[in-house]
Structures are given as structure tokens and as C-alpha cells.
Amino acid sequence: MRNSFIPPERILMGPGPSNVHPRVLEAMARSTIGHLDPKFIELMDDIKSLLKYVFRTENEVTFAVSGPGSVGMETCLVNLVEPGSKVVVCINGVFGERMKSIVERCGAAPIAVEDEWGKAIDVQKFEDALDANPDVKVTAFVHAETSTGAKSDIKTLAEIAHKYDCLTIADTVTSLGGIPLLIDEWNIDASYSGTQKCLSCPPGLSPVTFNDRTVEFIKNRKTQVQSWFMDLNLVLGYWGSGAKRTYHHTAPVNALYGLHEALLLVKEEGIENAWDRHKRNGKLLVKELESIGLPPMVKEDERLPELTSISVPAGINEAEVRAKLLNEYNIEIGAGLGTLAGKVWRIGLMGYTSKEENITTLVNALKNILNN
């Protein structure tokens with residue numbers, strides 16, 4: 001007979017998931033109820049309200065998609081991208097490339113605005129692409145590129161997009177709860193995120209938000225949404241306003257308990273205080289890493305405090321260092337992706353993981369490994 005799985009206790013300092021707050025784990029262990037139970041519907045309404053708080057929005061269409069951040073990405077794109085259309089997609093890492101791939105799968109033509117990995121999107125190149133393609137109606141970009149730790153100025157990108165009467169889709173998977181994100185103030189039309197980064201919740205849900213302009217655009221599209229499961233017109237029958245809900249799918253009940261508790265924790269701390277904590281600890285991490293000869297890859301004004309890419313020193317086998325951190329110190333950090341594979345380590349300080357003691361533990365461990 002097989003034994004139950006007992007996971008090891010790790011300090012999760014990679015690009016996600018981050019460590020989950022004990023209150024969130026406790027919440028997820030509570031009794032399961034039906035997904036159309038009146039009490040569960042009350043919980044859904046509360047989750048919507050708390051998501052509005054962390055997104056800094058009053059958008060009524062704000063809820064959690066049943067699936068990880070990539071499902072949130074697809075939800076935004078398949079609802080807003082019609083076959084035969086053009087979409088400007090900003091690419092400065094893996095997740096911009098993923099958006100481009102989804103646009104192609106929607107039967108649309110992506111117009112790529114590409115920048116070097118580890119750098120912010122060039123806002124002038126973005127405007128030039130829109131100026132050269134007046135028939136574009138949808139644009140997409142990443143706020144916090146998880147593959148590099150670079151932050152782009154999505155406030156300015158949104159201003160430019162609206163000047164050309166385009167809708168905006170923002171990937172905020174790594175930014176939500178970690179750095180300032182003001183959906184309404186910055187006029188971001190649609191955004192998707194994830195639970196496993198700065199919200200200190202397990203992976204498996206994707207918070208999304210759509211403003212009225214976006215919802216109207218979806219309702220007036222000429223073709224059916226390419227996905228039944230992600231069709232906003234159908235999902236809103238389940239996540240919409242009021243007590244009467246239509247059956248759409250069986251929601252991950254206990255996962256939503258966890259998200260609710262995680263959002264309560266953010267509200268208790270205060271979203272601005274959460275941003276400040278991530279900023280303070282991110283600066284401390286960089287300072288401590290530089291003191292042992294490990295400089296950050298991304299320049300300071302474009303660097304995420306919650307995710308830092310460190311260039312691997314010459315002559316060091318980066319995979320061996322990560323293995324020793326995991327096996328000898330129970331610390332997980334991330335490898336480079338795509339063009340950065342083998343060249344960088346990605347170190348996360350997200351959510352419940354963002355603590356000074358974790359920084360000290362990691363830096364001391366790296367010092368020991370690199371000096372032996």
C-alpha cells in the first residue's frame with residue numbers, strides 16, 4: 001500500500017509559486033460545499049469585491065477564472081481577438097511570446113513590438129506600430145515579465161493605445177499585489193493575473209477584470225468566441241451580479257476559499273503597505289547579492305522588486321547551484337527561460353515569501369555554495 005504524499009518544507013524563492021500563508025492553507029482544508037450553494041455564492045460576491053480592491057478598480061466584471069494565469073491570458077485574448085483582425089503584441093520575454101502564439105491560434109495577425117529580454121517595452125516603438133496599422137483595435141503587453149524581472153510602463157502604453165482608439169490587455173500575473181497597479185486610474189481595459197505570486201495563494205486561479213468598454217466590444221463582436229469555457233458571455237451567467245446564477249462549470253470550491261483568505265490578508269495589510277514591503281525587500285535583496293558579487297541583470301528603474309534576475313558568474317554551473325540550494329538548504333530559485341536559459345537565476349520575493357529572514361538565509365547559502 002502506498003503512503004500519503006508529504007511534501008518537503010521549502011522556501012520558495014523562484015518565479016512562482018511563492019510560499020502560501022498558513023491561514024490560506026487552513027482555509028482550503030475547510031468543508032467543501034456545493035458551487036451553487038447560497039453561502040458559496042455569497043463568498044463569490046465577496047471575492048469579487050476583494051479583487052476589485054487589489055486591482056484598484058470598480059469594474060463590475062472582475063472575478064477569478066478557474067485555471068492558472070495562462071487560462072486568464074487566453075480568456076482575455078479569445079474574447080477580444082477575432083479571426084482576421086490585427087493585434088499589436090509587445091514582446092520582451094516568454095509571456096509576450098505566449099500572447100503572440102494565442103493571437104495566432106485565434107486566427108488573427110500579431111504585429112510584434114519586440115525589445116531585448118530584460119528591458120522594458122519601448123513606448124515609441126509601440127506608438128510607431130499603432131501609427132503604421134490604423135486598423136488595429138486590440139493591443140497586449142506584459143506589466144511584469146516573469147521570465148526576466150523587467151517592468152514596463154503600462155500606464156503610458158495604455159495612454160498611447162487609447163489615443164489610437166485601441167483596447168488594452170495587460171498581463172499582471174507577477175505585478176498584482178507586488179507593485180503599484182491601478183487599473184481604473186491607468187485606464188487598463190482588460191487584465192489577467194495569477195494567485196501563486198504576490199497573493200501568497202496556491203496556483204490554479206486567475207483573477208481577471210474587464211471594463212465596460214471591453215464588455216461592450218465583446219458583445220458586439222461579429223464571430224463567436226473561440227472557446228466555450230472562456231466565453232465571457234457564458235461565464236458571466238455564473239460570476240455575474242445577483243443571487244441567481246446559471247450553471248457554467250463546477251468551480252474549484254476549496255481553491256476559492258484559499259483565494260478569499262489570501263485577499264483578506266492583503267486587505268488587512270493594506271495594498272499600499274504590501275507594495276512598500278515588496279519594494280523594501282527587493283532593494284535589500286539586490287544590495288545583499290551585490291555584496292557577494294552577484295549583480296542584477298535588469299537596470300534599477302525597470303527592475304521588479306518581487307522578482308530579480310541575477311547573471312550567473314562565469315565558470316559556474318547554474319543548475320548545480322540550484323540543486324544544492326534545493327537539496328542542502330531547502331531553497332528553490334528559478335532558472336532562466338528561452339534566450340536566458342543557463343545565463344541567469346530568477347529569485348522571487350513574492351507575497352508571504354517576501355521577508356528579510358528569507359533574504360539572509362538565501363544569501364548565506366549562496367555564499368557558502370559559491371565559495372566551496
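The largest pocket of this structure holds about 450 Å³ of space. The structure is a predicted model.

**The largest pocket**

- The lining of the largest pocket consists of 23 residues. Those nearest its centre are K151, K279, E300, R303 and P305.
- Two elements, helix 6 (154–163) and helix 10 (271–291), each give two or more residues to this lining.
- Helix 10 supplies the largest share of the lining, with seven residues.
- Sorted by class, the lining of the largest pocket has ten charged, eight nonpolar and five polar residues.

**The second largest pocket**

- In the second largest pocket there is about 390 Å³ of space.
- Its lining is made up of 17 residues, and E9, R10, N19, V20 and L25 lie nearest the centre.
- Strand 1 (11–12) and helix 1 (22–28) are the elements that give two or more residues to the lining of the second largest pocket.
- Here the classes are eleven nonpolar, three polar and three charged residues.

Rolling a probe the size of a water molecule over the atoms shows where empty space is left.

**Strand 3 and its partners**

- Strand 3 covers residues 86–91 and is mostly covered, since five of its six residues are buried.
- One partner of strand 3 is strand 4 (residues 109–114), and the two pair in the parallel sense over six bridges. Within this pairing, K86 stands opposite A109 of strand 4.
- Between strand 3 and strand 4 the chain passes through helix 4 (residues 94–105). This β-α-β crossover is right-handed.
- Strand 3 also runs parallel to strand 5 (residues 138–142), and three bridges join them. V88 stands opposite T139 in strand 5.

- Another group of three strands forms an open sheet in the order 11-14-13, with antiparallel pairing.
- Strand 11 (307–311) and strand 13 (334–335) stand at the edges with a single partner strand each, so one side of each is left without a neighbour in the sheet.
- Strand 13 runs antiparallel to strand 14 (residues 344–348), and two bridges join them. G334 has R346 in strand 14 as its bridge partner.

As background to both groups, strands of a sheet pair through backbone hydrogen bonds, either parallel or antiparallel.

**R221, a residue in a loop**

- R221 sits in the loop between helix 7 (212–219) and helix 8 (232–239).
- Is R221 buried or exposed? R221 has a relative accessible area of 10%, and buried means under 20%, so R221 is buried.
- The R221 side chain reaches the backbone oxygen of N79 at 2.8 Å.
- A polar contact of 3.1 Å links the side chain of R221 with the side chain of Q226.

**T62, a residue in a strand**

- T62 is part of strand 2 (residues 61–66).
- The relative accessible area of T62 is 0%, so T62 is buried.
- How far apart are T62 and T360 in sequence and in space? They are 298 residues apart in sequence and 38 Å apart in space, taken from C-alpha to C-alpha.

Notes: Residues numbered from 1 in each chain as written. Predicted model: local features only at pLDDT ≥ 70, side-chain atom pairs only at ≥ 80, totals over all residues. Heavy atoms only, no water. 1 Å grid on protein atoms, 1.4 Å probe; cavity = no way out; pocket = protein on both sides within 12 Å on 5 of 7 lines; lining within 4 Å. Points joined across faces, edges and corners; volume = space filled by probe spheres on them. Helix = DSSP H or I, 4+ residues; strand = E, 2+ residues; numbered from the N terminus. Nonpolar A, V, L, I, M, F, W, Y, C, P; charged D, E, K, R; others polar. Buried < 20%, exposed > 50% of the residue type's maximum accessible area, 1.4 Å probe, protein only. Pairing = 2+ DSSP bridges. Right-handed = clockwise from strand over helix to strand, strands pointing away. Polar contact = N/O pair within 3.5 Å; in protein donor to acceptor, adjacent residues only side chain to side chain.
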